[in-house]
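Dear colleague,

Please find below the structure that I am handing over to you. My notes on what was found in it follow directly after.

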Amino acid sequence: RQSRDQLDRGSASILLNLAEGAGRFARADKAQFYVIARGSAMECAAVLDVLLSRGLLQASVHRHARGLLVRVTQMLTKLAVRMQR
């Protein structure tokens with residue numbers, strides 16, 4: 001239950017910080033929100049790892065979800081770096 005709550009909060013944080021960053025005008029502000037969203041994506045990936053190790057998640061579901069989170073993390077990293085230039 002706790003891991004599911006963490007996953008719910010983390011995934012919501014990704015979306016909310018991405019939206020808030022997109023709504024900012026200053027590049028430094030945008031970058032900061034994208035970095036926070038990236039951290040939340042990494043947290044979600046860690047929760048998936050915990051669920052897998054506890055036998056609460058099928059390996060195929062873990063692989064798919066983790067792959068999506070890797071891609072989200074890559075995109076957020078690129079956004080944050082572009083805003084810091």
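In this predicted model, the axes of helix α1 (residues 2-22) and helix α2 (residues 27-53) come within 8 Å and cross at roughly 160 degrees. Axes here are lines fitted to C-alpha atoms, for helices over the stretch in contact, with angles running from 0 to 180 degrees between N-to-C directions. The two helices are therefore roughly antiparallel, a term for angles over 145 degrees. The crossing of α1 past α2 is left-handed, that is, the near helix is turned anticlockwise from the far one by less than a right angle. By class, 14 nonpolar, 8 polar and 3 charged residues make up the contact of α1 with α2; Asp, Glu, Lys and Arg count as charged, Ala, Val, Leu, Ile, Met, Phe, Trp, Tyr, Cys and Pro as nonpolar, and the others, Gly among them, as polar.

The protein chain has 3 helices and 0 strands, in the order α-α-α from the N terminus. Helices (H or I, at least four residues) and strands (E, at least two) are DSSP runs.

Of its 85 residues, 29% are buried (under 20% relative accessible area, 1.4 Å probe, protein chains only). Among contacts (heavy atoms within 4.5 Å) with a separation of 6 or more, 63% join residues 24 or more positions apart.

Residues are numbered from 1 along each chain as its sequence is written. Local features need pLDDT of at least 70, side-chain atom pairs count only at pLDDT 80 or more, totals for chains, interfaces and linings use all residues, and side-chain values use heavy atoms, without hydrogens and water.

Yours sincerely

Methods. Parallel < 35°, antiparallel > 145°, perpendicular 65-115°, else oblique. Buried < 20%, exposed > 50% of the residue type's maximum accessible area, 1.4 Å probe, protein only.
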